[in-house]
Amino acid sequence: MIVLSLPECQAFGLKLAGALVAEHAVIEVRRFPDGESYLRLPPDLRDRSVILNCTLANPDSKLGPIVFAADAARELGAATVGLAAPYLAYMRQDTRFSPGEAVTSRSFAKMLSAAFDWLVTVDPHLHRHDSLDAIYTIPANVVHAAPLLGAWIGTHVERPLLIGPDSESEQWVAELANVIQASYVVLNKQRLGDRSVRIDFPDMSPFAGRWPILIDDIASSGRTMIEAAKRLHELGMARPVCAIIHPLFVGDSFASLSQLSSRIVSTDTVPHESNTISVAGLLAAEIVRILDKLEPPSQSGG
Ligand code: R5P
């Protein structure tokens with residue numbers, strides 16, 4: 001087994017390889033003057049299980065290099081080539097809202113399915129697709145970070161009140177609240193545009209004295225968290241802890257949210273200064289399960 005990381009994913013790659021007790025190497029990637037990519041992999045990949053580690057935040061600049069790397073690994077003799085993508089992109093345009101739009105979740109899945117033998121990711125944003133199997137034709141396995149967030153909240157926050165920002169979050173926020181024996185509420189969110197949301201709260205008086213924890217799978221423009229934190233302030237509640245699985249935080253959204261919250265914690269699916277909780281062990285355990293299914297156990301050791 002060998003973990004190969006794109007240069008910007010090296011820190012997570014080292015943690016993943018450590019958890020797998022596998023070798024780790026960084027793929028050399030540079031741009032030619034005309035913008036084309038140059039890649040160089042470790043030359044001896046014969047009969048090895050290659051795990052390409054690349055989180056897919058800012059996916060367009062990474063798609064070319066990961067597809068080239070997968071193809072090169074096969075030419076260099078790899079037995080299998082899988083993708084460990086702690087954050088899986090292009091999950092939100094999952095239907096044609098207006099005539100002529102590209103359904104990029106399907107197209108992206110087609111491209112990755114053609115390049116890799118399997119993939120594993122953390123909490124993909126499944127909305128209209130029931131599972132990744134609806135769009136991926138390779139084994140596409142999912143691990144869930146909510147229990148790790150729950151464990152962190154359980155040990156760091158007294159009398160927490162979990163707050164899910166929209167109806168989609170209800171299922172997992174309710175489950176998490178049950179596991180850590182906390183109260184929870186789910187808000188009503190209306191998206192008005194890419195960077196604009198409206199959030200309505202229910203009556204919060206039954207939760208006086210509880211510490212609000214805003215919890216969401218993705219912070220992208222950050223507007224969901226920012227608007228919810230502003231409303232909490234207007235309601236006279238404490239500054240919330242914000243717990244996020246995938247901290248994309250575009251533009252100045254992290255700075256804006258920091259002013260409204262007591263703490264922001266996230267998992268390391270996307271490298272960010274708020275990273276507090278590592279999903280490397282979770283992903284490693286799932287990768288071992290995938291490889292054991294694909295090949296005899298004797299070939300999956302480091
Ligand atoms: C939406 O359904 C997701 O769960 C997140 O709430 C959303 O992606 C957050 O986006 P933003 O940070 O741009 O408000």
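I began at the ligand and noted that β13 gives the largest share of the shell around it, four residues; helices (H or I, at least four residues) and strands (E, at least two) are DSSP runs, numbered from the N terminus. The model is a predicted one, in which I used local features only at pLDDT of at least 70 and side-chain atom pairs only at pLDDT 80 or more, while totals for chains, interfaces and linings use all residues. Residues are numbered from 1 along each chain as its sequence is written, and side-chain values use heavy atoms, with hydrogens and water left out.

**Ligand shell**

I listed 15 residues around the ligand, the closest being Asp216, Asp217, Ser221, Gly222 and Thr224; a residue counts as near if one of its heavy atoms lies within 4 Å. By class I found two nonpolar, five polar and eight charged residues in this shell, where Ala, Val, Leu, Ile, Met, Phe, Trp, Tyr, Cys and Pro count as nonpolar, Asp, Glu, Lys and Arg as charged, and the others, Gly among them, as polar.

I then looked up polar contacts, meaning pairs of N or O atoms within 3.5 Å. Arginine 191 has a side-chain N or O atom 2.9 Å from a ligand oxygen, arginine 92 has one at 3.1 Å from a ligand oxygen, and a polar side-chain atom of glutamate 168 lies 3.3 Å from an oxygen of the ligand. The ligand taken alone exposes 370 Å², of which the protein buries 93%; accessible areas come from the Shrake-Rupley method with a 1.4 Å probe. The elements giving two or more residues to the shell are β11 (188-193), β13 (211-219) and α6 (223-234).

**Sheet containing β13**

I traced β13 into an open sheet of six strands, ordered β10-β9-β13-β14-β15-β16 with parallel pairing; two strands pair if DSSP finds at least two bridges between them. β10 (183-186) and β16 (275-277) stand at the edges with a single partner strand each, so one side of each has no neighbour in the sheet. The twist from one strand to the next averages 30°, with axes fitted to C-alpha atoms, for helices over the stretch in contact, and angles running from 0 to 180 degrees between N-to-C directions.

Helix α6 lies across β9, β13 and β14 (241-247), at about 165° to β13, contact here meaning heavy atoms within 4.5 Å.

**The other six-stranded sheet**

I read the order β2-β1-β5-β6-β7-β8 for another open sheet of six strands, again with parallel pairing. Its edges are β2 (23-26) and β8 (140-143), each with a single partner strand, so one side of each is left without a neighbour. Neighbouring strands are turned by 20° against each other on average, direction ignored. I counted four bridges between β7 (residues 118-122) and β8, and threonine 121 has valine 142 as its bridge partner. Helix α2 (residues 60-75) packs on this sheet by touching β5 (49-53) and β6 (80-85), and its direction makes about 155° with that of β6.

**Hairpin**

Last, I checked β3 (residues 28-31) and β4 (residues 37-40), which run antiparallel and are joined by four bridges, with glutamate 28 opposite arginine 40. Five residues separate the two strands of this hairpin, and glycine 35 in the turn has a positive phi of about 95°.

Note on methods
A polar contact is a pair of N or O atoms within 3.5 Å; within protein, one must be able to donate a hydrogen and the other to accept it, and residues adjacent in sequence count only if both atoms are side-chain atoms.
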